[in-house]
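Please look over the chain below before reading my comments on it. The points are numbered so that you can check each against the picture.

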Amino acid sequence: MSAPLKLSARAEGLQPSLTLAIAAQAKQLRQAGRDICSLSAGEPDFDTPAFIRQAAAAALEAGHTRYGPVAGEPALREAIAAKLTLENGVPTTTDQVLVTNGGKQALYNLFQVLLGPGDEVLLPSPFWLSYPEMVRLAGAEPRLLVTEAARGFRFTPDELEAQIRPSTRLLVLNSPSNPTGMVLDRQDLEAIAAVLRRHPQVAVVCDEIYEFLLAPGHCHHSLAAVAPDLAERLFIVNGFAKGWAMTGWRVGWLAGPRPVIAAAAALQSQSTSNVCSFAQMGALAAITANRDCVHAMADRFSARRQHLSEGLGRIPGVVLIPPEGAFYAFPDVSAWGLDSMTLCRRLLEEVGLAVVPGLAFGDDRCIRLSCAAAEATLDDGLDRLARFQDRL
Ligand SMILES: Cc1ncc(COP(=O)(O)O)c(C=O)c1O
């Protein structure tokens, strides 16, 4: 008899993604015949626009099927550099861009090449749930910069400064934010830059994956455009998943200082190699086209965000800071007297509603609902939530 296989310490400590697990559980229950309404998804419910699909299909047919350059198709890297330069005001050259398997791999690679034991990473909380796990996978430790709903989930410059220590290597900024929908405005970014100038050991990664998904009246700004003097320690993560409805394609990018991009490319060369060759050709068609399809989808999300926010506002005990971007609402439902895991389990069991517990994002008072669903589905979800509240 052989001894049971022992997992590495790295694997033993790892939490699988709760959002993916809940979405999968909801799907499974539905397949088993249960009447389930899922507002747990973190992906657009729209199809990828036809011209993008056609470009990928044409590339596939044309035999674009072999290994490609590890760091990405040169034309795509160039187009991403041009986008950053012209659309975001961040002067970028092709060799400062790495094409990755979604925004996730961009973050993973960056953390792997920048961080190690003894390093700390500042995470504004609530946070996207993969950040802490990826930080730990790199041997570093997350340090939370706790923000409150009552202050729009913003931190002050003093609060940021108070958390910076000699071991702080990286600050993660996610705007528009998953899960809170908070959007950092120019003033917020200027204040953050002023603090960073006093702490040269701290690099910053801006996760801009929800760049295009903004409520009316809000604008996306890149820290790298607001504080170009910090360019030597600023990184941008972005991708095609949310803005172009291309979650399954797995194309994203990391942009930043050349030596780090080269190190991340070397890591990629020894792990996953190039991103799917023909998917990159679809992404090239997407990024070089005008943004009509992106804005059309963003408008639909804005209408739904509003619809969901208004509906939540009518349910007793729900306190919502209206989201300024992305496609989530993150209300505080602590008045109902249940922790978020219990609440979400009961919502699924008792009224067939799948939403994500706030605990996964660092705030046990809240739940995350996605508005990446048709209006009728949002109404159904709101009805179920109201019914549950009624019974409490
Ligand atoms: C804040 C944030 N960053 C990054 C990602 C990763 O996106 P991708 O699908 O491009 O890996 C997500 C996906 O949910 C996200 O919410």
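The notes that follow go from the domains to the sheets, the ligand and some details of the backbone.

1. Please keep in mind that this is a predicted model, in which local features need pLDDT of at least 70 and side-chain atom pairs count only at pLDDT 80 or more, while totals for chains, interfaces and linings use all residues. Residues are numbered from 1 along each chain as its sequence is written.

2. The protein is divided into domain 1, made of 9-47 + 292-391, and domain 2, which covers 65-288; these bounds come from an automatic or database domain assignment. The centres of the two domains, taken over C-alpha atoms, are separated by 25 Å. Contacts link 35 residues of domain 1 with 33 residues of domain 2, where a contact requires C-beta atoms, placed from the backbone, to lie within 7 Å.

3. On the side of domain 1 that touches domain 2, α2 (18-31), α12 (292-313) and β9 (328-329) each supply at least two residues, and α12 gives the most, with six residues. Helices (H or I, at least four residues) and strands (E, at least two) are DSSP runs, numbered from the N terminus. By class, this side has 18 nonpolar, nine polar and eight charged residues, with Ala, Val, Leu, Ile, Met, Phe, Trp, Tyr, Cys and Pro counted as nonpolar, Asp, Glu, Lys and Arg as charged, and the others, Gly among them, as polar.

4. Seven strands form an open sheet with mixed pairing, in the order β2-β8-β7-β6-β5-β3-β4; two strands pair if DSSP finds at least two bridges between them. The edge strands, each pairing on one side only, are β2 (97-100) and β4 (141-146). Within this sheet, β7 (residues 234-239) and β8 (residues 252-255) run antiparallel and are joined by four bridges, and Ile236 stands opposite Ala255 in β8. Helix α4 (residues 74-87) packs on the sheet, touching β2, β7 and β8, and its direction makes about 115 degrees with that of β2; axes are lines fitted to C-alpha atoms, for helices over the stretch in contact, and angles run from 0 to 180 degrees between N-to-C directions.

5. Which residues are the closest to the ligand? They are Gly102, Gly103, Lys104, Gly239 and Ala241, in a shell of 13 residues, where a residue is near a molecule if its C-beta atom, placed from the backbone, lies within 6 Å of it. Helix α5 (residues 102-114) gives the most to this shell, with three residues, and by class the shell has three nonpolar, eight polar and two charged residues.

6. Helix α5 also packs with helix α6 (residues 130-137), at an angle of about 35 degrees and with their axes 9 Å apart. The contact is made by Lys104, Leu107, Tyr108 and Phe111 of α5 and by Ser130, Met134 and Val135 of α6.

7. Another open sheet, of three strands, has the order β9-β12-β11 and antiparallel pairing. Two bridges join β9 to β12 (residues 367-370), and Tyr328 stands opposite Ser370 in β12.

8. Some backbone details deserve a check, because most residues other than glycine have a negative phi, and most peptide bonds are trans. The bond from Ser125 to Pro126 is cis, with omega near 5 degrees, and the one from Asn178 to Pro179 is cis, with omega near 20 degrees. Phe153, although not a glycine, has a positive phi of about 60 degrees.

Definitions and conventions: Contact = placed C-beta atoms within 7 Å.
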